[in-house]
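The following exercises are to be worked with the sequence and the structure at hand. Each task is followed by a solution in steps.

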Amino acid sequence: MNYLIYGAGHFGECFYRILVKQKLQVNGWIDQRLVSQMKYNLPIFDEHTADRNMTVIVAVTPLVNSNRGQIKEHLQELGYNNVLGFFEAAREFPEVFKEYAQLEHLWMRTSHHDMLNLPSIKWLRARLGDDKSKNILDKLCAFRASLSIDDYPEPDRKIEYFPDDIPFNFQSPIRFIDCGAYTGDTVEAFVELHKKNIITLEHISSFEPDTNNYQTLTNTQNRLKKNNPEISFQAFPSGVWKCVDLLNFNQGQTSSSNIIQSEVINDSSVSVVDLDSTCQAMDINYIKMDIEGAELAALEGAKSLIQTQQPVLAICVYHKPKDLWELPQFIDQLQPNYDMYLRVHEHLGLSTVCIVFQKVLINEKSTY
């Protein structure tokens, strides 16, 4: 049997190495971005010109609510006779997740000892506010321990940062801080909820240090402002950190641009701010953080705000292995009265979000 691998990225390389180890014949790749190039001395084809009689392995993880989930169907429509979707291929070649873990990408590591802290996991499970959160944590931990498709954590298809099965209780308009705003996708999602009368938005402040993303973000906010003049918008071309500083930045990685700690300042350096000094006077009540591993530093820089204003927090806990328990524990130290929930919104445990808030309203100003 001859194989083509759809997708010449990291997972494609993993499947390639497995096929070679098993002495299976790989004849090339399909990748629209790299057509006519070579990879491992094999040609990269266009999907319209590759041999449709070969077995195609889809080596691209699906994205929830994206056309990337229909690659197999698309190839079959083009006449490919034998296509293994990503999860079918993972069952056919079950060592692919362990192969991928060698890249040490985000939370994935080759040793489950690096990915699990059992006492902290036990603490977190006891703190979670519903059975769904506990089941999600169990599944995440099982997958971390086995890296087996049998324990794979399926993503939730509910709205990220505002799933309707979490009992938010806003009694006044939302004043939202978006840390890691990217191009404004979360801002757009929240404005859509506002237009549907699911929430009432009053103000959005967005922080995005990547210059390309920031330009798109400001364009997004300007467009939204025209159609929603009752909402005020701000955008800051800076990262969020534990203090005001100038840090190096790995720019141009689309949604994965990240801060790099280094004493050498260069042309890619960006300004970073702490929320305590920047947003203390804003009377905010919802903070979201998806900042590529800088969440703990950003929470340190929001200590006073969290303790005094007690905002809802939606914090991504998947960038580093220990984020899963370390970030909830730090939040608990700052505000032990929070209820905690866990949701997963993308494949491979990506977009795992810890959402915390107070159910009991102390007064109108404390809105959750």
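This is a predicted model: local features need pLDDT of at least 70, side-chain atom pairs count only at pLDDT 80 or more; totals for chains, interfaces and linings use all residues.

**Exercise 1.** Classify the ring pair of tyrosine 16 and tyrosine 40, and state which parts of the chain it ties together.

*Solution.* Step 1: the ring centres lie 4.6 Å apart and the planes stand at 20°, so the pair is stacked.

Step 1: tyrosine 16 is in helix 1, whereas tyrosine 40 is in the loop between strand 3 and strand 4 (42–45); the pair therefore ties together parts 24 residues apart in sequence.

Step 2: tyrosine 16 counts as buried at 17% relative accessibility, while tyrosine 40, at 38%, counts as partly exposed.

Step 3: lysine 39 lies over the face of tyrosine 40, 5.6 Å from the ring centre. Lysine 39 also lies over the face of tryptophan 29, at 6.0 Å from the ring centre.

**Exercise 2.** State which strands stand at the edges of the open sheet of 6 strands.

*Solution.* Step 1: the strand order is 3-4-2-1-5-6, and the pairing is mixed.

Step 1: strand 3 (38–39) and strand 6 (82–84) stand at the edges; each has a single partner strand, so one side of each lacks a neighbour in the sheet.

Step 2: within this order, strand 1 (residues 2–6) pairs with strand 2 (residues 25–30) in the parallel sense over 5 bridges. Tyrosine 3 has valine 26 of strand 2 as its bridge partner.

**Exercise 3.** Trace the chain from strand 7 to strand 9.

*Solution.* Step 1: strand 7 (residues 174–179) runs parallel to strand 8, joined by 6 bridges. The chain crosses between them through helix 7 (residues 185–195) in a right-handed β-α-β crossover.

Step 1: strand 8 pairs in the parallel sense with strand 9 (residues 232–236) over 5 bridges. This crossing passes through helix 8 (residues 211–227) and is likewise a right-handed β-α-β crossover.

Methods. Residues are numbered from 1 along each chain as its sequence is written. Side-chain values use heavy atoms; hydrogens and water are left out. Two strands pair if DSSP finds at least two bridges between them. Helices (H or I, at least four residues) and strands (E, at least two) are DSSP runs, numbered from the N terminus. A crossover is right-handed if, with the strands pointing away from the viewer, the path from the first strand over the helix to the second runs clockwise. Rings of Phe, Tyr and Trp (its six-membered ring) pair if their centres lie within 6.5 Å; planes under 30 degrees apart count as stacked, over 60 as edge-to-face and the rest as tilted. Buried means under 20% relative accessible area, exposed over 50%, partly exposed in between (1.4 Å probe, protein chains only). A charge sits over a ring if NZ of Lys or CZ of Arg is within 6 Å of the ring centre and within 35 degrees of the ring normal.
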